[in-house]
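Have the 3D view open and turn it as you read.

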Amino acid sequence: EAAPAPAAPESPAPPAESSQNTEGNRQLTLTSSGNITFTAKVAGESLLKKPSVKWFKGKWMDLGSKVGKHLQLHDSYDRNTKVQLSHKLFSFPSETNYGFLLLYSTEGHDDGAEFNFSSLLKKRGEGKSESQSDVDVWDILRKAPPTEYEKIAFQYGITDLRGMLKRLKRIKKEEKKSTAFLKKLDPAYQVDKGQKIKLMVEVANPDADVKWLKNGQEIQVSGRYIFEAVGNKRILTINHCSLADDAAYECVVGDEKSFTELFVKEPPILITHPLEDQMVMVGERVEFECEVSEEGATVKWEKDGIELTREETFKYRFKKDGKKQYLIINESTKEDSGHYTVKTNGGVSVAELIVQEKKLEVYQSIADLTVKARDQAVFKCEVSDENVKGIWLKNGKEVIPDERIKISHIGRIHKLTIEDVTPEDEADYSFIPQGFAYNLSAKLQFLEVKIDFVPREEPPKIHLDCLGQSPDTIVVVAGNKLRLDVPVSGDPTPTVIWQKLLFESEGRVRVEMHEDHCVFIIEGAEKEDEGVYRVILKNPVGEDKADITVKVIDVPDPPEAPTISNIGEDYCTVQWQPPKYDGGQPVLGYILERKKKKSYRWMRLNFDLLKELTYEAKRMIEGVVYEMRIYAVNSIGMSRPSPASQPFMPIAPPSEPTHFTVEDVSDSTVSLKWRPPERIGAGGLDGYMVEYCKDGSTEWIPALPGLTERTSALVKDLVTGDKLYFRIKAVNLAGESAAATIKEPVTVQEILQRPKFWLPRHLRQTLVKKVGETINIVIPFQGKPRPKITWLKDGQALDSKDVGIRNSSTDTILFIRKAELHHSGAYEVTLQIENMSDKVAITIQIIDKPGPPQNIKLVDVWGFNAALEWSPPQDDGNAQILGYTVQKADKKTMEWYTVFDHYRRTNCIVSDLIMGNDYFFRIFSENLCGLSETAATTKNPAHIQKTGTTYKPPCYKEHDFSEAPKFTHPLVNRSVIAGYNTTLSCAVRGIPKPKIFWFKNKMDLSGDAKYRMFSKQGVLTLEIRKPTPFDGGIYTCKAVNECGEAEIECRLDVRGNQMNPMHKPNTARKRD
């Protein structure tokens, strides 16, 4: 794909304008209220289709929607040079700064081009990974810094960035710790249209009532909204999500709320019935119709890559009818010709519109008539367009139809019929088609027959010369009425006999006899009616006879199906044979029609008749399947269509492969590599054909059996010393591409290359790995012929069971699946070719966690301080000890606290110890792997003595704190809903600690698994798991110790959804 040429600003406007002639981006400075014109030239020699061009201000404002007083856009495209010029005239109303961006696209679909920002970014950016189809943009915005927002919006096609940031700000607000919610709603949810989603929270109180709100309005239970309560969970289920469900939702518990945003994602809109090509005349109405997968969907219409909008003149009208989309052009002009595209977010369809100047062909003109009194006169003509109307004139005045004069228009045929002709009907008659400069005229002559009565006998006589035409041949058009008027004479009146060999009337033939002439009529003449007709007159005086030849002419037979050849990118050659029967008239030419394979609409390709038997059809869309058919035309009219040709697809061979080079040469092989063609086309790529030719020869020999799909090849079994030329061609359905050839011959012989290692930078210093990690060292090298490779460790050969070595012609690999300490050492690898060699050394260090320090001693304790000493660990883990971590723990709690970390000495003083406490100390050693697994701990604690006088506590008489049980907080009557866990709570005191017993209706509950009893700090709790109405009753709590006992009771009612709780006062009694 060719890159666009730099946009070159031109300044044909006032002299006040100025520019800096720089490549790429250009800066322009001009005075306020000045004008400037930008011209962008896109070179498209290798582009498949005309590029689509759009102008942007900044990064987001599409200037196509801002065209008006201050901004004008113009495009021109030269099909010969394939250069696209895009002009932008901008009037600056005030002093300000503007930045413009020009984007173009030639991305193709099956039926047209699609302007795609994301694909453009992929091609222009370097090192960017392909965007995933299911990217969560909200998650990306949440994690990104504010400076990246605009970049993300551009990359993912976000148009309402400000609105999204407002919603994101609400999502990002830190929520205070909730007392009503154990788990709140997520900040945002996303669901596909038509699917269902569940919004769930967990509340602290299992009996709490919740409300669900949508955009601040409470949601009522319906078939689409379902509320569920399972334990502490509250669930809102939304079935069959629509765009109306895209809103903010709240869950309210008391005064606390949990917010979330639900985003409903629309599925891609597909085009189920594509557009069809159309061909109309100037001024006719055009209606493009397509069908999409969803009613009321939004689509975009384009003409030759430029988006269509409702202009001030309302030239284009867009219409939606259910799933059908319409583009209507009321009065088409020549400029409306082109390719029209309808785009959705899931498909593209392209159709071609051809608008032709009105051109009318006259297939049959009106002819002069000679008619006798009270006969019928019929003027008939046939034109090429069946929709054309016209008027009939008599001596320049319009003919008004009445009971005797009839005017008819059926298809392409216009008739003027005059019944019972009178002498007044003799005149010049004309037919004028509306809208065309045609005047078809003929003359009607009235034949007045005068008969003189001769009272004598006269032999019969046939007067054919009175018809004014050749007496032996009469031509009639098939389907018309054949009427032979033969004037006769004779006295007495003769008998008329008509004869024809093998003539069968079939009910279509009749003979009328009049006093002075006879009439032979055949209704709807057919080909079988041709021949010589003999009329015989007889009376007593004698007889006469005459032969009349009748020739029936018709439209030609349809030609045979055309053949398609020389298929190219957007063209093909159509060939056909003349029809077997020309209808009795010479064939004047042919009409060719084309349609898409899946369409029903045929489009005419020529208006002027084709004289030859071949035609080159152009302006087809590559990759679309077409069919062709032919009409033959003679002076009578147009034949029926021929059978359709075999379906064919316009495709072109790919361009030649690029960067074709020789990668390597040996005594019998040559290694080649290349890159794919720049243009592949709709025919795809079947593979590559590699050939070679010996120097001095012209015969090209296939180098590989068949085609290869790779972009490299190894040609084997060559003769050492031969000089060969190589070439490669890309092949697809359309054939072979041009050949990419290596200009200079390649000599087949091994090239001696000195061995040399290319040691990676990270291996030039010690390679440090932890125990258990994988080691994979790749060292590339050069050398021909293939060198011998030797690995050594500390001067000794490697154990193949412990270390893996893999060698190729370009690198050597050392692989250790699981590193151990004994793998540390100096490794040496040697390349050897004959007497030449090269070697490199690699140092590998395997490290592990160190052991604990040794000989930890508590040296001294004084005041609030303790002095410690220790020795370095015996095992340093094959790495330098970076320091020690010293911790202390109070003997009472044995909770360890770090005193020093990364401490480098082997002695320390721990200060700020608490007087009167005993302390233990432990020490960890640390290296690159981390802290040691175990620590060295002091055996004896360090006692921090108290200072000053010794305190003697006074002696008091021991007090008796014994107390009988007493309930300080009673049980409360409760009414609960069946199915939800519930608890009964009270508080008791007593010394010694009393024993607790729970009863239901005087029955002990201690052995029932359905009940759980808890006692903490004097608070007594009875939990009843999922109560049923059977669990209702009187519950009693009894406390007993050696000083007495006490009990308290309450009533529990378990109700269903419709039951109301009943409250009764508590009762409590105490026994000593």
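Predicted model: local features only at pLDDT ≥ 70, side-chain atom pairs only at ≥ 80, totals over all residues.

In which sense do β29 and strand β36 pair, and over how many bridges? They pair in the parallel sense, over 4 bridges, with β36 covering residues 440-447.

**The whole chain**

Let's zoom out for a moment. The protein chain has 1072 residues, and 39% of them count as buried. Its secondary structure comes to 4 helices and 87 strands. Take the contacts between residues at least 6 apart in sequence: 63% of these join residues at least 24 apart.

**An open sheet**

Back to β29 and β36. Both belong to an open sheet of 5 strands, which runs in the order β29-β36-β35-β31-β32 and has mixed pairing. β29 (369-372) and β32 (397-398) stand at the edges; each has a single partner strand, so one side of each is left without a neighbour in the sheet.

The largest share, 6 residues, comes from β39. How much space lies in this pocket? About 1,800 Å³. Of the 47 residues that line the pocket, the closest to its centre are D368, L369, V378, K481 and R483. The lining divides into 24 nonpolar, 10 polar and 13 charged residues.

**A strand with two partners**

Now hop over to β13, residues 211-214.

| Pair | Partner strand | Sense | Bridges |
|---|---|---|---|
| β13 and β17 | residues 247-253 | antiparallel | 4 bridges |
| β13 and β14 | residues 217-218 | antiparallel | 2 bridges |

You can pick out some of the partners by name. K211 stands opposite V252 in β17, while L213 stands opposite E218 in β14. β13 and β14 form a hairpin with 2 residues between them, and N215 in the turn has a positive phi of about 50 degrees.

Is S666 buried or exposed? Buried means under 20% relative accessible area, and S666 counts as buried because its relative accessibility is 16%. You'll find S666 in the loop between β51 (658-665) and β52 (670-675). Not counting residues up to four places away in sequence, S666 touches V748, Q749 and E750.

Next, look for K756 in strand β60, residues 753-757. With a relative accessibility of 37%, K756 counts as partly exposed. Setting aside neighbours within four places in sequence, K756 is in contact with F781, Q782, L831 and D838. How far apart in space are K756 and M836? The two are 9.6 Å apart, C-alpha to C-alpha, and 80 residues apart in sequence.

How values were computed. Residues numbered from 1 in each chain as written. Heavy atoms only, no water. Pairing = 2+ DSSP bridges. 1 Å grid on protein atoms, 1.4 Å probe; cavity = no way out; pocket = protein on both sides within 12 Å on 5 of 7 lines; lining within 4 Å. Points joined across faces, edges and corners; volume = space filled by probe spheres on them. Nonpolar A, V, L, I, M, F, W, Y, C, P; charged D, E, K, R; others polar. Buried < 20%, exposed > 50% of the residue type's maximum accessible area, 1.4 Å probe, protein only. Contact = heavy atoms within 4.5 Å.
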